[in-house]
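Reader: I'd like to learn how to read a protein model piece by piece. Could you walk me through one?

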2 protein chains.
Amino acid sequence: MNPVRLEKLYETIKGGSADAAVITDPSDFFYLSGCKANAVMVLVPGSPVVFLSPVEYEECAAVLSGAFECRKMDRENLWLRVGELVKDRKCAVDPSRLSYTAYLGVKENLPSAVFIEDMVSGMRVVKDPEEIALIRKACGLAAAAVDGLDIGEWAGKTERQLCAHLVKRSWEDGASGPAFVPVVAAGPNSAYPHHEPGDRVIDDGWIKIDFGVVYRNYCSDLTRTYILDKFFSNLRTEELFENLSRAKQAAVDMLGPGVRCGDLHAAAKKVLDDCGLGEHFIHNLGHGVGIDIHEKPYLKPGAEQVLEEGMVVTVEPGIYIPGTGGMRIEDTYLIKSGGNEQLTRIYR
Amino acid sequence: MNPVRLEKLYETIKGGSADAAVITDPSDFFYLSGCKANAVMVLVPGSPVVFLSPVEYEECAAVLSGAFECRKMDRENLWLRVGELVKDRKCAVDPSRLSYTAYLGVKENLPSAVFIEDMVSGMRVVKDPEEIALIRKACGLAAAAVDGLDIGEWAGKTERQLCAHLVKRSWEDGASGPAFVPVVAAGPNSAYPHHEPGDRVIDDGWIKIDFGVVYRNYCSDLTRTYILDKFFSNLRTEELFENLSRAKQAAVDMLGPGVRCGDLHAAAKKVLDDCGLGEHFIHNLGHGVGIDIHEKPYLKPGAEQVLEEGMVVTVEPGIYIPGTGGMRIEDTYLIKSGGNEQLTRIYR
């Protein structure tokens with residue numbers, strides 16, 4: 001339970017002329033309650049209620065029962081029950097976090113619903129010190145696993161063996177596993193941005209590793225490209241890598257409070273365009289990282305959002321040449337007064 | 001691309017008086033295309049189109065381009081583009097697979113949409129021989145990892161160390177990692193059905209392990225409870241375990257074509273009720289397993305669905321005593337002529 005965040009949410013919904021709210025997204029629910037669960041939170045002033053699935057009830061009610069009335073969820077009648085609590089209040093609902101089925105429940109049982117986009121996820125964009133400490137820890141664990149690799153030792157082994165090593169480490173080191181299916185892409189497989197580890201032997205060209213972990217419900221994200229051969233498929237590998245590094249650095253040099261997200265994407269893209277690689281940069285430059293591995297803000301073409309202190313974002317330019325291979329370099333950064341701090345590094 | 005399944009889908013939508021369909025769910029898309037992607041498939045007779053995100057385009061188009069026209073997805077204008085393809089056809093959409101945002105896109109751009117619940121997931125309930133072979137393999141990998149444990153060797157180690165071992169093995173043995181965050185719950189932690197592995201040392205009472213893997217996009221699921229001490233917290237542990245085993249066996253003895261899902265739940269519940277444990281059985285008896293770890297049919301109270309040959313379901317009664325501990329025993333079964341076959345076992 002986080003009273004400061006709940007208070008801020010009550011202000012947000014007041015601003016939207018609502019006097020109650022329903023939270024349906026598990027990450028939003030965790031942010032407000034400190035409990036990760038498939039739960040539904042009904043905020044009615046003075047008597048907030050949480051509906052928990054029976055399998056999660058005991059574990060969550062132990063944490064929440066001081067601040068919320070905890071009830072066991074009956075999925076069939078969930079929205080009917082929510083409607084009984086909300087009555088004729090103007091109840092805020094986040095349409096971006098709603099399934100169509102839930103929308104039908106809202107329509108039928110909350111006649112005075114007010115749709116507020118990003119009601120809680122908007123609050124989550126700027127991280128507080130407690131959150132930054134957890135993301136830093138998650139970033140350190142990912143960096144210790146990947147930057148700690150002696151990649152030469154992995155030549156002759158397979159993508160899946162290396163992946164197995166990373167996921168094992170993530171649990172052993174204190175994380176709750178990887179934040180997403182790791183990408184371990186050797187040789188030509190690296191041309192696919194999200195290649196799933198398979199049986200290809202790590203022996204030629206370069207290898208791309210995209211890895212992150214979950215630490216106490218917060219994520220981290222980094223990508224490394226290691227060059228195993230100096231020359232590969234007649235492409236000047238090191239030159240490609242250097243151009244990609246320059247593209248990343250161009251964005252990182254600008255990264256700080258007050259900068260438009262779209263301008264960061266454009267800065268990296270320009271470096272790649274100038275050396276003829278722009279067409280191979282086929283995704284966004286980066287994304288926010290927090291309770292979700294991908295969240296706002298998005299560093300994408302044209303994005304108007306302006307960075308603020310306390311935001312956490314990835315910077316990850318990549319180039320992908322079908323049939324040949326691809327490279328990506330990615331770190332997670334904290335936006336701070338005067339600039340930024342790279343969080344994905346080994347802490348000693 | 002699976003022409004038999006596509007043909008069957010065209011028949012389904014004809015039965016719903018539609019002459020086109022849009023598929024938005026990644027698992028449904030995989031079932032029809034053989035490609036796992038966040039894609040949108042538009043089935044208009046004679047010229048099916050697939051919208052792929054730019055990062056997945058190369059990898060998927062290589063597989064799909066013979067059978068589908070592949071286009072790069074522009075998320076902002078996706079439903080506008082879908083509408084241009086569908087024109088004034090009656091287009092089938094599955095409401096249970098739709099986000100509210102996607103529903104708005106449908107409403108605006110597909111004026112003649114026809115809602116068909118479980119349009120593709122309904123087809124997925126009965127598995128074909130190719131799918132059964134993959135699920136069998138996934139089940140064998142999970143069983144090899146868990147049933148292959150010498151649990152005595154893990155006394156003194158932590159839940160997370162055992163979890164790390166299981167996830168590493170899943171990748172090394174040929175799976176694409178675990179099908180869900182494994183449950184490794186020692187001592188009193190076992191009272192929580194979905195406890196996440198932590199730092200508790202495996203040393204007293206019993207330990208509950210719920211584990212499954214993904215093999216070529218198909219899942220498996222099993223749970224074991226191992227008794228480490230003969231007596232624990234004044235409860236007769238072995239008697240509890242035996243009663244739970246009898247509850248599972250009561251359902252498995254009935255498990256076969258023609259049986260109502262609700263009757264299976266009731267059979268296990270009755271055994272537990274008769275020995276005074278019914279109140280501690282707080283979840284459904286089981287669920288279907290396939291491309292998704294939880295899919296239809298659900299073995300739950302009152303469920304009218306009748307089992308058919310080729311369905312794959314878990315049977316997993318559990319009892320959870322807050323503050324003390326919990327037990328669950330689970331296997332995955334194939335429904336066959338005359339009965340069933342346990343798939344979660346070590347294959348030699």
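**A helix and its surroundings**

Author: Happy to! What covers the buried residues of α8(B) includes α8 (159–172) of chain A, together with α7 (129–146), β7 (183–186) and β8 (206–211) of chain B. Keep in mind that this is a predicted model.

Reader: Thanks. Which residues of α8(B) are buried?

Author: Start with the general idea: an α-helix has 3.6 residues a turn, so residues three or four places apart point the same way. In α8(B), the buried residues are E159(B), R160(B), L162(B), C163(B), A164(B), L166(B), V167(B), S170(B) and W171(B).

Reader: What span should the 14 residues of α8(B) have at 1.5 Å a residue?

Author: The expected span counts one less than the number of residues, each at 1.5 Å. For helix α8 (residues 159–172) of chain B that gives 20 Å, and the end C-alpha atoms are 20 Å apart, so the two agree. Just after α8(B) comes G174(B), with a positive phi of about 115°.

Reader: Now the interface, please. How many residues of chain A are in contact with chain B?

Author: There are 33 residues of chain A in contact with 33 residues of chain B. Together the two chains bury about 3100 Å², and 65% of that lies on carbon and sulfur atoms. V55(A), Y100(A) and W171(A) supply 25% of the area that chain A buries against chain B, more than any other three residues.

Reader: Is A102(A) buried or exposed?

Author: A102(A), which sits in helix α5 of chain A, counts as buried because its relative accessibility is 14%, and the cut-off is under 20%. A102(A) and L78(A) are 24 residues apart in sequence and 9.5 Å apart in space, C-alpha to C-alpha.

Reader: Let's turn to strands. How should I read the faces of β15(A)?

Author: In a regular strand the side chains alternate between the two faces of the sheet. Strand β15 (residues 318–321) of chain A has both faces covered: G318(A) and Y320(A) are buried on one side, I319(A) and I321(A) on the other.

Reader: How do β15(A) and β16(A) pair?

Author: They pair in the antiparallel sense, over four bridges, with β16 covering residues 325–328 of chain A.

Reader: Where does K87(A) lie, and what is its phi?

Author: K87(A) is in the loop between α4 (78–86) and β5 (91–93) of chain A. Its phi is near 50°, a positive value in a residue other than glycine. K87(A) counts as exposed because its relative accessibility is 57%.

Notes
Residues are numbered from 1 along each chain as its sequence is written. Chains are lettered from A and ligands numbered from 1 in the order in which they are written. This is a predicted model: local features need pLDDT of at least 70, side-chain atom pairs count only at pLDDT 80 or more; totals for chains, interfaces and linings use all residues. Side-chain values use heavy atoms; hydrogens and water are left out. Buried means under 20% relative accessible area, exposed over 50%, partly exposed in between (1.4 Å probe, protein chains only). Helices (H or I, at least four residues) and strands (E, at least two) are DSSP runs, numbered from the N terminus. Two strands pair if DSSP finds at least two bridges between them. Contact means heavy atoms within 4.5 Å. Buried area is the accessible area (1.4 Å probe) that two parts lose on being put together, summed over both.
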